[in-house]
Amino acid sequence: MSRKNHRTVPGVHPYDGPAGGWGALKATAIAVKNQMETLKAPSTLMRTNQPDGFDCPGCAWPDKDHGSTFQFCENGAKAVTWEATTKRVTPEFLAENTVTSLLKRTDFELEGYGRLTAPLRYDAASDTFREVSWDDAFMHIADRLGALQPDEVEFYTSGRASNEAAYLFQLFAREYGTNNFPDCSNMCHEATSVGLPQSIGIGKGTVSLDDFDSAELILSMGHNPGTNHPRMMGTLHELARRKVPIIVFNPMRERALERFADPQNVMEMATYSSTDIASTYYQVRAGGDSAALKGIAKAVLEIEAETGTALDNDFISEHTQDFERFAADIHATSWNTIEHDSGLTQANLRSVAQAYVKSKATIVTYGMGITQHNRGTDNVRLIASLLLMRGNIGKPGAGICPLRGHSNVQGNRTVGITEKPSSDFLSKLQNVFGFTPPSHHGHDAVQAMKAMAEKRAKALICLGGNFAVALPDPDVSFAAMRGLELSVHIATKLNRTHLLTGKETLLLPCLGRTELDEQSGIRQSITVEDSMSMVHASSGKLKPASPMLRSEPAIVAGMAKAALPDTLVPWSELVADYDLIREMIEKTIPGFESYNDRIRHPGGFQMPLPPRERIWPTESGKAAFSVYQGTHEDLSVEGEDVMRLITLRSHDQYNTTIYALDDRYRGIFGRRDVLFMCDHDLERLGLEHGNVVDLESAVPGYSMRLEAMTVVRYAISQGSIGAYYPEANVLIPLDYIDKESGTPSYKSAPVRITLRSHEIAKTPAT
């Protein structure tokens, strides 16, 4: 390798420590120092994920023991301090800074200004946001909605919204007359919500946290827990120390999946030691997970043919259908094809199959590295089929575990945020509230943005989130936002989507999870659902960032009362006492029986998961094997010069929120303009560590570019490259999606690379 491949690149140097450990404690201390009052921070953080505290606004990993010392991680602390910051975005600040000038700031800078403090309306004449009263804000919204047809309005929901707020939001939209519900799950785990019901009858995982205590094998696919769901690291740490095999499939080497030091482990902290997490690490090609899964299944069938002990034939016979079709397809898939498309050897996959056959209880955990593909739904069904081969659903220590992002993205869907509502749910809404909700399907996230771009949708109301920035193709998405008649954003902080102003744009500041929510003088609790279907209460105690803030339920109710003059919903009564909202949820959605009583118990309760009892709510009453045609992610784009782009979150990032410009575990500091590439591909393409390159989409018919990216040598699979999200969204067409679920293909977009300069960029571009 050329000596130039070892040259110094500004802001790029190896990080030799483990995930967690003293590095995590240092980062937590810095986050506290930069954002919060030091005296308040410890008590606030100690209330995170506790019975009388608030649910972390970060990841959806469940709480194991509410009596343990502390229930937050480094990134959870960042999420809490980011929300509980002492920094403020006042009307005076916004009056002095035009929207045009703010759009020149980075996303990091925009959210870094702090909490919104008053309702705001965009004034086109001055190009600034101006303070407006709550009543006037609701009046402006009502006037615009009154001039539109219901299906011309999109109602977007972020995963940070509570069950109570999300339920009222869908109630408002449906009484208004639409099922247009784009939400953040459309961009992450919609493939799970679509694929799993076809396989096992329910669009959720089947495991509880206790199942990890009795699991004998973990297959970890397409996720980076150290950054995206860090509290999972405590569970993986325990499993690794018990010598439970953890087999990882991931295109990139991720430090948290290699070694981790638990900040609650006194010995590891005192001795600066750590625990190896992955027992085996396979760097599958981007888009090659299906080939790897089919290879494991093929090896299992071969072991069955030799020994007769690899399959759970009794389970297959009693509980499943279509096994013969599945097995025939697996037999017909050649090892040469599997090896080529997965980037793994036959020996690798046979070894995994041996471990799988040996295990009496296996859990497969997976994230967006599985779902955010053109065939993400197929990938999810293939994982389910692999588990069904050995009866690994519906017994202790086994099951499928999709790793959700935001702490209530799953709960939002449970309480009615869906563009495809069931007739039973709609019937119950009509019986309880007296209005007839629409029955036709509405828009998901990509469909909503396309409708906005084509002027079929003319208004957008966002319950949280950074909608336009989160979606692909900012050229299309940003222009669509600017063409709206109305855009409304319920938010805690400023972000770029807010600045893409339409004819009427309003920012409505809401309470955060950490803050005291009092209605009619009574402290209220909200509820959230974690990624293992546990529903529990959350209640903040901090003084609100401004006396002008209102809760999300109160803001939704305020809009609804103004926009629906003949409403049949008792909005004021519901907001005065959130128990009444939960009573309405209980009357209209199965699984919430005795809702208010059960959330008052520490830890809450688990929603019904019939597959845990081997009850399959499918049309046939059985779990279904499915056939994955071929092994390839996308056959439309081929060529030696085509690379597969994986968009990534940095360690100082949560979704589109960027806490800082470092990515500690990957060795990136103070910059985000980097492109991760392996040595083999560097040499093959005639590139060197530190070169500056341009990237161009290889999707036919699109001319999309990302320029001036600095190449960084990294342990990533051949043919795969990585760049940060959302910056790399410029390379992903809006309709480059999984056609079944509508999920954008953020994890295997085809691109070509052009050398821009042999010289190293002198300073990082942020």
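**View 1. Cys510 is a buried cysteine, at 1% relative accessibility.** Buried means under 20% relative accessible area, exposed over 50%, and partly exposed in between, with a 1.4 Å probe and protein chains only. The model is a predicted one, in which local features need pLDDT of at least 70 and side-chain atom pairs count only at pLDDT 80 or more, while totals for chains, interfaces and linings use all residues. Residues are numbered from 1 along each chain as its sequence is written, and side-chain values use heavy atoms, with hydrogens and water left out. A search of the whole structure finds 0 disulfides, a disulfide being a pair of cysteine sulfur atoms within 2.5 Å. Cys510 is in no disulfide, and its nearest cysteine sulfur, that of Cys462, is 12 Å away.

**View 2. Cys188 is in no disulfide.** The nearest cysteine sulfur belongs to Cys184 and is 5.5 Å away. Cys188 has 13% relative accessibility and therefore counts as buried.

**View 3. Helix α18 (residues 335-342) packs on helix α19 (residues 346-358).** Helices (H or I, at least four residues) and strands (E, at least two) are DSSP runs, numbered from the N terminus. The angle between the two helices is about 95°, and their axes are 9 Å apart. Axes are lines fitted to C-alpha atoms, for helices over the stretch in contact, and angles run from 0 to 180 degrees between N-to-C directions. The angle makes α18 roughly perpendicular to α19, a term for 65 to 115 degrees. Trp335, Ile338, Glu339 and Ser342 of α18 meet Gln346, Leu349 and Arg350 of α19; contact means heavy atoms within 4.5 Å.

**View 4. An open sheet of 3 strands runs in the order β1-β9-β10.** The pairing is mixed; two strands pair if DSSP finds at least two bridges between them. β1 (19-20) and β10 (275-276) are at the edges with a single partner strand each, so one side of each has no neighbour in the sheet. Strand β9 (residues 259-261) pairs with β10 in the antiparallel sense over 2 bridges. Phe260 has Thr275 in β10 as its bridge partner.

**View 5. Leu609 lies in the loop between β22 (605-606) and β23 (623-624).** Leu609 counts as buried, at 7% relative accessibility. Leaving aside neighbours within four places in sequence, Leu609 contacts Ile202, Lys204, Gly205, Met532 and Ser533. Met532 is 77 residues from Leu609 in sequence and 9.6 Å from Leu609 in space, C-alpha to C-alpha.

Notes: Parallel < 35°, antiparallel > 145°, perpendicular 65-115°, else oblique.
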